[in-house]
Amino acid sequence: MTALAETAETGLRTEYPFTLPRGYVDEHGTVHRDGIMRLATARDEITTQADQRARQNPAYLTVLLLARTVTTLGSTPEVDHFVIENLFASDLAFLQDLYRRINAEGHTEVGVECPHCGTGFTVDVAGDAPGGS
């Protein structure tokens, strides 16, 4: 059973499509912006904290967590620590925020306000809502 089928049966959303602000540029110059992040598991959190690279440099924990939970990124064959390390800083910050939102808050929406009329509304920052990100 796939995660998408599981979602339909249980009502639990486990995968979140996103569009990076800039995109990962591979060795051929291809830009990859669209991807999917899955919910983190306890194993993801525990395994990455025990990794020697994260122990030597606590900031590397983010790279390891994202490499485990970003399941696809454009046509990149595999999303690993090398791909995450080579993201632009704005894309890394975007994914960190998305990770926090879906794993801590359970959604990808943020409240915003129109600068002209002051009306409040929500926007899906993952980019899978109508109109994109």
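**View 1. The whole chain, from end to end.** Read along the sequence, this chain runs through the pattern α-β-β-α-α-α-β-α-α-β-β. That makes 6 helices and 5 strands, where helices (H or I, at least four residues) and strands (E, at least two) are DSSP runs numbered from the N terminus. The model is predicted, so to speak of local features pLDDT of at least 70 is needed, side-chain atom pairs count only at pLDDT 80 or more, and totals for chains, interfaces and linings use all residues. Residues are numbered from 1 along each chain as its sequence is written, and side-chain values use heavy atoms, with hydrogens and water left out. Of the 133 residues in the chain, 30% are buried; buried means under 20% relative accessible area, exposed means over 50%, and partly exposed lies in between (1.4 Å probe, protein chains only). The accessible surface of the chain is about 8,000 Å², and carbon and sulfur atoms hold 55% of that surface. Accessible areas come from the Shrake-Rupley method with a 1.4 Å probe, and for residues only the protein chains shown count as cover. Among contacts between residues at least 6 apart in sequence, 47% join residues at least 24 apart; a contact means heavy atoms within 4.5 Å.

View 2. Helix α4 spans residues 60-69 and is mostly covered, with 7 of its 10 residues buried.

**View 3. The largest nonpolar core.** In soluble globular proteins, nonpolar side chains tend to be buried together. A nonpolar core is a set of buried Ala, Val, Leu, Ile, Met, Phe, Trp, Tyr and Cys residues joined through side-chain atoms within 4.5 Å. The largest one here has 23 residues, and F18, M37, L73 and L95 touch the most other members. At least two residues of this core come from each of β1 (15-25), α4, β3, α5 and α6. Which element supplies the largest share of this core? Helix α4 does, with 6 residues. For a closer look, pick out L95: leaving aside residues up to four places away in sequence, L95 touches F18, L20, M37, L66, V70 and L87.

View 4. A pair of aromatic rings is described by the distance of the centres and the angle of the planes. Rings of Phe, Tyr and Trp (its six-membered ring) pair if their centres lie within 6.5 Å; planes under 30 degrees apart count as stacked, over 60 as edge-to-face and the rest as tilted. By this rule there is 1 aromatic pair. F18 and F94 form this tilted pair, at 6.3 Å centre to centre and with 55° between the planes. Because F18 lies in strand β1 and F94 in helix α6, the pair ties together parts that are 76 residues apart in sequence. F18 is buried, with a relative accessible area of 3%, and F94 also counts as buried, at 17%.

View 5. Side chains of opposite charge can pair when their charged atoms come close. A salt bridge is a side-chain nitrogen of Lys or Arg within 4 Å of a carboxyl oxygen of Asp or Glu, and the structure holds 5 of them. In one of these, R100 meets D97, with the closest N and O atoms 2.6 Å apart. R100 and D97 are 3 residues apart in helix α6, which means about one helical turn separates them. R100 is partly exposed, with a relative accessible area of 36%, and D97 is partly exposed as well, at 26%. D97 also forms a salt bridge with R101 (2.9 Å, N to O). Here the two residues lie 4 apart in helix α6, about one turn of the helix. Is R101 buried or exposed? R101 is buried, with a relative accessible area of 11%.
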